[in-house]
Amino acid sequence: MKLKEFAKQLGLSPTTVSRALSGYPEVSEKTRQRVTEEAVRLGYRPNINAVRLVTGRAGAIGVVMGRSGEFQFSEYMSGMAERLDSEDIDILVSPLAEQGGKNENQLYSRLATSGRVDAVIIHSPMPNDERITLLHRLGMPFLVHGRSETQVPHAWLDIDNEGAIRRATSHLIDLGHRRIAMINGRAGLTFSLHRDKGYREALAQRGIQFDPHLVAHGHFTDELGFRFARSFLEQSPRPTAFVAGSMMTALGVYRAVRSFGLVVGRDISVIAHDDVFPYLTADNMVPSLSTTRSSLRAAGARSADLVLQLLSGRPATEIHELWPVELILRESTGPVPQAPG
C-alpha cells in the first residue's frame, strides 16, 4: 500500500500521515495514535525514501567512532540498534583516526552539514567540549553520552562515575587497604575527572593521603591495564588493592598480579567498573570480580530514545539523566593481607 492510498483510507493528507508516523510534535497525540494503530492493523510500512522526501529528514543518527574502545562502542551501538530497529532510522558511523584536535572538529562539522543525519551523539566529552559548541552553533540536534561543564545547553545521559568510584574505594578502605591504585580513563575527559574526584574524596574522608604515583590514565585495554598494574606492583611498598576503570583493564590487572606470583582476592584485591559485556562477565572471571555495574547496551538504547525525543521537539535542557551505579561484591576483594611475622 502506498502512502497516498493509506492516507485516503484515513481521510487525512499524506503529509499529516507521514509526520504522524515520524513523531512530529505538530501532529496531535490523538491523530498520531490513530495513524499508528491503523498502520499496524493494515500492515502499512512507509517507504523510507518517500518519508524522507516529505519530512525533510535524513532518517539517520550520526555517531563518531575512535580507534580505541571498540568493545565498549559495540555494546553501546547494539543498544541503539535494538531501539531504532522499529523506527526505520539508520545509524551512520564515521571513523576517526585520532581523537581530539582540529581533525575531529572538522569531522563533526562535516557530519552536521552533510544532510546525511538528523542528530549526532557525542561520546567521551570534556569539561569544555568544542564539539558541543560547534554542533549548537550549527543548529544540529545532539545528545552527549556523558556530561560537560560548558554553559552551552545540551542534552545528556551519564552514569554516576564519581559516586561509583567513591563507593568502590571506600569499600576497599573498609577492608583495611590503604595503598589503593587506580587505573583511570584518558586524562581530561569528564568521566575521568569525576572518577578521580570520587577516589580522592574516599581517601580524604578516611584521612588517607593521596599519592599521585598510584594513579594512571589511559585507554581501557588489557595491555595498558597489565603495564600499569606491573609498574604499580614494582613499587615498594606495593599497593594492596586496585580500582580498575573497566573490565578490559581488570583483565590486565589480573595478568600482572599473577606474573608476580600473587593471588587476586588474597594478596591483591581488585574492583572494576563493569560495562556489562555478554562475552566478558565478572562472574566468570577467576576469581569472580567485584564491580560497579552499569549497562552500556541499556545506555545505547536510552540514548536512541532520547534522540528521538529531541527530534520530536523536546527541549535539550529537559534531557539530563544521571544513572546510579550498582556495587556488586564478589571474590576479588578481601581484607588487606597481614604482614608476615
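**Entry 1: Ser148**

I began with Ser148, which sits in the loop between strand S4 (142–145) and strand S5 (155–159). Strands (E, at least two residues) and helices (H or I, at least four) are DSSP runs, numbered from the N terminus. I note that the model is predicted, that local features need pLDDT of at least 70 and side-chain atom pairs pLDDT 80 or more, and that totals for chains, interfaces and linings use all residues. Residues are numbered from 1 along each chain as its sequence is written, and side-chain values use heavy atoms, with hydrogens and water left out.

Is Ser148 buried or exposed? Ser148 counts as buried because its relative accessible area is 12%; buried means under 20%, exposed over 50%, and partly exposed in between, with a 1.4 Å probe and protein chains only.

I then looked up polar contacts, which are pairs of N or O atoms within 3.5 Å; within protein, one atom must be able to donate a hydrogen and the other to accept it, and residues adjacent in sequence count only if both atoms are side-chain atoms. The side chain of Ser148 reaches the backbone oxygen of Met126 at 2.8 Å. A polar atom of the Ser148 side chain also lies 3.4 Å from the backbone nitrogen of Thr150.

For contacts in general, the criterion is heavy atoms within 4.5 Å. With neighbours within four places in sequence set aside, Ser148 is in contact with Met126, Pro127, Asn128, Asp129, Ile132, His154 and Thr190.

**Entry 2: Helix H9**

Among the buried residues of H9 I list Thr190, Phe191, His194, Arg195, Tyr199 and Leu203. The buried residues of H9 pack against S5, H8, S6, S7 and S9. Just after H9, Gly207 takes a positive phi of about 75°.

**Entry 3: The sheet**

In what order do the strands of the six-stranded open sheet lie? I read the order as S7-S6-S8-S9-S10-S12, with mixed pairing; two strands pair if DSSP finds at least two bridges between them. Strand S7 (215–217) and strand S12 (326–328) are the edges, each pairing on one side only. From one strand to the next the twist averages 15°.

I followed S8 (residues 241–244) in both directions. S8 runs parallel to S9 (residues 269–274), and four bridges join the two. In this pairing Val243 stands opposite Ile271, and Ala241 has Ser269 as its bridge partner. S6 and S8 also run parallel and are joined by four bridges; here Ile183 stands opposite Ala244.

In a regular strand the side chains alternate between the two faces of the sheet. On S8 both faces are covered: Ala241 and Val243 on one side, and Phe242 and Ala244 on the other, are all buried.

**Entry 4: Helices on the sheet**

Helix H8 (residues 161–174) lies across strand S6 (180–184), S8, S9, strand S10 (290–293) and S12, and runs at about 170° to S8. Helix H10 (residues 222–233) touches S6, S7 and S8, and its direction makes about 155° with that of S6. Such angles run from 0 to 180 degrees between N-to-C directions, with axes fitted to C-alpha atoms, for helices over the stretch in contact.

**Entry 5: Nonpolar cores**

A nonpolar core is a set of buried Ala, Val, Leu, Ile, Met, Phe, Trp, Tyr and Cys residues joined through side-chain atoms within 4.5 Å. The largest has 65 residues, and Met80, Phe242 and Leu289 have the most contacts inside it. Helix H12 (residues 296–311) gives the largest share of this core, eight residues. A second, separate core of 18 residues includes Leu96, Val120, Val144 and Val152.

Not counting residues up to four places away in sequence, Leu289 touches several residues, including Met247, Tyr254, Val270, Ile271 and Arg330.

**Entry 6: The chain as a whole**

I recorded twelve helices and twelve strands in the protein chain. The C-alpha trace spans about 90 × 40 × 35 Å along its principal axes. Of the 341 residues, 51% are buried. Among contacts with a separation of 6 or more, 67% are between residues 24 or more positions apart.
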